Amino acid sequence: MVVQRTRLCLLVTAVCICIGFTSANKHTRITELPEYYEVSAGSMATFRCNAVSDASLQLSIDWMYNGELIDFDNETRYVRFDNYSLTIIKTAELDSGTYTCVASTDLDKAQTQTTLIVQDVPNAPHLMDVVCNERDASISWKPMGDNRAPINHFIIEYNTTFTPDVWEMASDSVPPFDFTYTVPMSPWANYTFRVLAINKIGPSSPSGHSRVCTTQPDVPYKNPDNVEGKGTEPSNIVISWTPMPEIEHNAPRFHYRVFWRRDIAGEQWNSDDILDWRKSELVIPYQPTLQPYRIKVIAINEKGESNVAPTVIIGYSG
């Protein structure tokens, strides 16, 4: 009888290594191939692999990560189930790599491999510099890695000494290949800036904050929004508006000047100064009932009146 011995055989998707193998034995072969995985960090990944071997031989299936045998006893994030599947309970970016399923008997083995890509939010950018100009600032930074998901854009945030614990949006659409960007600043404020990188997984942690940029005072650049006039009693009219935050004051001694007059030709304007910027209304008593009024509210600081004309609205007494 002639005995044929096979030293190495190549399968389409798996490698079979045969030692001391005879034609009377069936080769070990992979029957279920693990799939390529691309997941976000923190999610679960499961690789399935199965094989068949000669019925007279004991079959075992093991898993390797980047060429090293996985120690399931000490690596608790890895779980091997009775169907030979490998599950990573909570993936991290460092789990990215090559996973190999090895099916073996005493006489031969077959193996196949696949790739896991774990994508995470980018690393926080490194803030390089800020150039403070009279009315804007140029912020420079360096990206520190996208963690396998390309950066889509950057966000620049600022805070001021008016609201030191609140970070506001300076720009939310900085292109991914721009690492220096200019943003406007308001007068009479102390600004610090920071940068975040965004990919499809989410935002990075923020960079460190910049040094302080300080701007000089100027007149207000706007007037209060949402000015209204309506009566709450038959003989009054209440003029209301949305208070302007400190970042819009532009100089010390900020206040509002409220103007009103009946909508009659030749009627003179009346006015009253509201010195508390947090206030949002002025009650005018002793007015005729259901009469139209022309109303406007101007923002003023120690540098002067707002540099834009106020909108005149029509309101009605009660």
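Predicted model: local features only at pLDDT ≥ 70, side-chain atom pairs only at ≥ 80, totals over all residues.
In general, strands of a sheet are held to one another by backbone hydrogen bonds, and the pairing can be parallel or antiparallel. Zooming in on one pairing, strand E14 (residues 136–142) meets E17 in the antiparallel sense over 5 bridges. A residue to look for in the picture is Ser140, whose bridge partner in E17 is Thr180.

Next come the disulfides. How many disulfides does a search of the whole structure find? The search turns up 2 disulfides. With the bonded cysteines of the protein numbered in sequence order, the pairing reads 1-2, 3-4.

One of the links joins Cys49 to Cys101, with 2.0 Å from S to S. Cys49 belongs to the loop between strand E5 (45–47) and strand E6 (50–52), while Cys101 belongs to strand E11 (residues 97–104), so this link ties together parts of the chain that are 52 residues apart in sequence. The torsion about the S-S bond of Cys49 and Cys101 comes out at about -80°, so this disulfide is left-handed. Are these cysteines buried or exposed? Cys49 has a relative accessible area of 1% and is buried, and Cys101, at 0% relative accessibility, counts as buried too.

The other link is between Cys132 and Cys213, whose sulfur atoms are 1.9 Å apart. Cys132 is part of strand E13 and Cys213 is part of strand E19 (residues 213–214), which puts the partners 81 residues apart and links distant parts of the chain. The link of Cys132 and Cys213 has -70° about the S-S bond and is left-handed. As for accessibility, Cys132 counts as partly exposed at 28%, whereas Cys213 counts as buried at 0%.

A record also has something to say about part of the chain. The UniProt annotation "domain: Ig-like", taken from an unreviewed entry, covers residues 28–117. Over residues 28–117 the chain is 51% strand and 0% helix, and the end C-alpha atoms lie 29 Å apart.

Finally, there are the salt bridges, and a search of the whole structure finds 12 salt bridges. In one of them, the side chains of Lys200 and Glu38 come together at 3.4 Å, N to O. Lys200 counts as exposed at 55% relative accessibility, while Glu38, with a relative accessible area of 42%, is partly exposed.

Another salt bridge brings together the side chains of Arg148 and Glu93, at 2.7 Å from N to O. Arg148 is in the loop between E14 and strand E15 (151–160), and Glu93 is in the loop between strand E10 (86–88) and E11, so the pair ties together parts 55 residues apart in sequence. Arg148 counts as partly exposed at 40% relative accessibility. Why does Glu93 count as buried? Its relative accessible area is 19%, and buried means under 20%, so Glu93 falls in that class.

Arg135 and Asp218 make a salt bridge as well, their closest N and O atoms being 3.7 Å apart. Arg135 is in the loop between E13 and E14, and Asp218 is in the loop between E19 and strand E20 (225–230), so to speak a link between distant parts of the chain, 83 residues apart. Both partners count as partly exposed, Arg135 at 24% relative accessibility and Asp218 at 25%. Salt bridges can also share partners, and in this way Lys222, Asp225 and Glu248 are joined into one network.

Technical notes:
Residues numbered from 1 in each chain as written. Heavy atoms only, no water. Pairing = 2+ DSSP bridges. Helix = DSSP H or I, 4+ residues; strand = E, 2+ residues; numbered from the N terminus. Disulfide = S-S within 2.5 Å. Buried < 20%, exposed > 50% of the residue type's maximum accessible area, 1.4 Å probe, protein only. UniProt positions renumbered as here; feature names shortened; annotations may be inferred. Salt bridge = Lys/Arg side-chain N within 4 Å of Asp/Glu carboxyl O.
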